[in-house]
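Keep the 3D view open as you read.

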Amino acid sequence: MTAGELRGVDPRTGERLEPAYPVADRDEIDRACALAWDAFGTYRATGLKVRAAFLDTIADRIEALGDTLVDRVMAETGLPRARVEGERARTTGQLRLFASVVRDGAWLGVRIDPALPDRTPLPRPDLRQRRVPLGPVAVFAASNFPLAFSVAGGDTASALAAGAPVVVKAHPAHPGTSELVGQAVREAVAEHGLPEGTFAVLHGHGHDLGTRLVTDPRIRAVGFTGSRGGGLSLVAAAAARPVPIPVYAEMSSVNPVFLLPGALRDKGAELGEAFTASLTTGAGQLCTSPGLVFALEGDGLDAFVDAASTAVGAAPAAPMLTTGIRDAYDAGAVRTASTPGVTTLAQGPEDPGIAVAGQPRLFLTDDETFLTHSFLQDEVFGAASLIVRVRDRDRLDAIVQSLEGQLTATLHLAPDDAGDHALAAGLLPELELLAGRVIVNGWPTGVEVSGAMVHGGPFPATSAPATTSVGTRAIERFLRPVAYQNVPAALLPEDLRDGAAGSPA
């Protein structure tokens with residue numbers, strides 16, 4: 001017996017898509033968690049070459065799906081082909097990146113302090129350290145990245161790289177996409193002779209499935225990308241367990257942009273157009289969309305506002321991922337527009353031909369109004385942004401101090417303007433406490449998957465500000481260090497033996 005069924009919906013047409021997918025019931029959830037735990041011992045003991053080859057095979061299998069996958073993603077999300085193909089490349093690229101990380105072995109964190117039996121007044125024991133996986137991981141797929149933050153996305157890739165089996169809760173907005181990718185991973189599991197419980201995908205909606213996963217004693221960590229409410233409910237459930245577990249939740253960010261006087265003076269209109277391009281990418285349904293812009297009064301600010309208003313007013317409506325996301329976006333935009341002291345600058349044209357359409361919106365206010373109404377810094381998930389005119393540096397400092405934690409913070413400054421550089425030098429120490437990534441003369445949308453990338457930040461951007469969900473350090477979330485003291489050589493893990501790769505000669 002299953003707990004019902006669900007279907008994808010094409011947000012462009014409103015059409016319910018076939019086939020239907022069974023919703024996991026309690027028995028299926030229990031079975032997936034039991035198999036993951038049973039697989040843990042075998043999977044974490046796989047050699048690094050085998051595990052890396054497994055990740056490479058997943059990437060190969062996803063690519064082999066070809067247009068079948070691309071077409072299904074487009075049907076379930078309304079995203080254009082170029083975006084889907086780019087996201088597929090990112091997904092397979094990060095799987096292969098983690099394969100290279102696994103082969104390298106540095107993630108094991110091997111440290112060896114040889115015994116010093118003659119040290120006085122006390123001898124030192126032989127101490128060796130490495131990292132081991134936490135255990136099976138529950139991954140919650142995101143709505144806005146049906147591939148790169150979904151079934152075989154960054155959370156899954158980094159957990160599998162760490163040696164942790166994964167149970168994925170597929171997002172109900174794209175069940176067909178999830179099933180296709182899930183099958184590709186299962187085929188890779190079988191090809192490499194790994195235990196069945198190494199990977200599983202469960203379908204469901206509402207909170208019951210998620211809560212059961214997070215509270216199952218065999219699940220030892222959680223990766224989540226989604227709303228603040230959803231993330232906090234999982235954090236609370238994990239903390240209430242008899243043995244609490246970590247939840248790595250990416251939740252809410254408005255990604256403030258700071259326009260300094262020299263930059264506005266030199267290219268106010270150009271910045272307005274570039275800002276709009278960033279804002280409207282993916283219908284604004286990106287965790288790094290620029291939802292707040294702070295601009296110091298001066299020459300060029302009016303040109304920025306005019307250019308951005310014109311561009312937003314001409315920007316076409318675009319399909320939003322689900323009716324629920326669109327309704328929440330509209331409600332947030334209405335609340336902003338109805339706030340005393342806020343002016344609506346522009347709204348994109350309607351498109352009755354799109355069933356679940358989101359219209360870009362742009363608002364303007366002053367620093368006093370922004371500081372008076374704290375909800376103006378709440379995320380409005382979609383292509384809506386608020387420009388705040390800031391009268392002076394003191395008010396700018398007050399605004400920075402009022403902001404919540406963010407994934408990104410962006411500065412635009414004139415390269416040869418001494419005033420901008422002095423202002424930026426004062427802001428940078430504040431921004432590095434505010435955000436996980438500080439950007440200069442760029443835009444926050446677009447996250448490079450690399451060794452140096454940080455996609456994280458202080459609460460509420462994430463529930464774990466010391467971590468990143470993108471880049472090679474993402475593997476560290478699912479590992480913990482273990483020290484081995486005076487363990488005989490024959491009993492040591494191979495990674496810690498003298499002469500092993502990465503150990504002292």
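Before we start, a word on burial: a residue counts as buried when its relative accessible area is under 20%. Bear in mind too that this is a predicted model.

With that cut-off in hand, take a look at helix α5, residues 154-162. Gly154, Asp155, Thr156, Ala157, Ser158, Ala159, Leu160, Ala161 and Ala162 are buried. That's nine of the nine residues of α5, so the helix is largely enclosed by the rest of the structure. Just after α5 comes Gly163, which takes a positive phi of about 100°.

So what does α5 lie across? The helix sits across strands β5, β6 (166-169), β7 and β8, and runs at about 170° to β6.

Those strands belong to an open sheet. Five strands build it, in the order β7-β6-β5-β8-β9, with parallel pairing. At the edges you'll find β7 (199-202) and β9 (247-250), each of which pairs on one side only. Going from one strand to the next, the twist averages 15°. As for what holds such an arrangement together, strands of a sheet pair through backbone hydrogen bonds.

Now zoom in on one pairing. Strand β5 (residues 137-140) and strand β8 (residues 221-225) run parallel and are joined over four bridges.

Key: Residues are numbered from 1 along each chain as its sequence is written. This is a predicted model: local features need pLDDT of at least 70, side-chain atom pairs count only at pLDDT 80 or more; totals for chains, interfaces and linings use all residues. Side-chain values use heavy atoms; hydrogens and water are left out. Two strands pair if DSSP finds at least two bridges between them. Helices (H or I, at least four residues) and strands (E, at least two) are DSSP runs, numbered from the N terminus. Axes are lines fitted to C-alpha atoms, for helices over the stretch in contact, and angles run from 0 to 180 degrees between N-to-C directions. Contact means heavy atoms within 4.5 Å. Buried means under 20% relative accessible area, exposed over 50%, partly exposed in between (1.4 Å probe, protein chains only).
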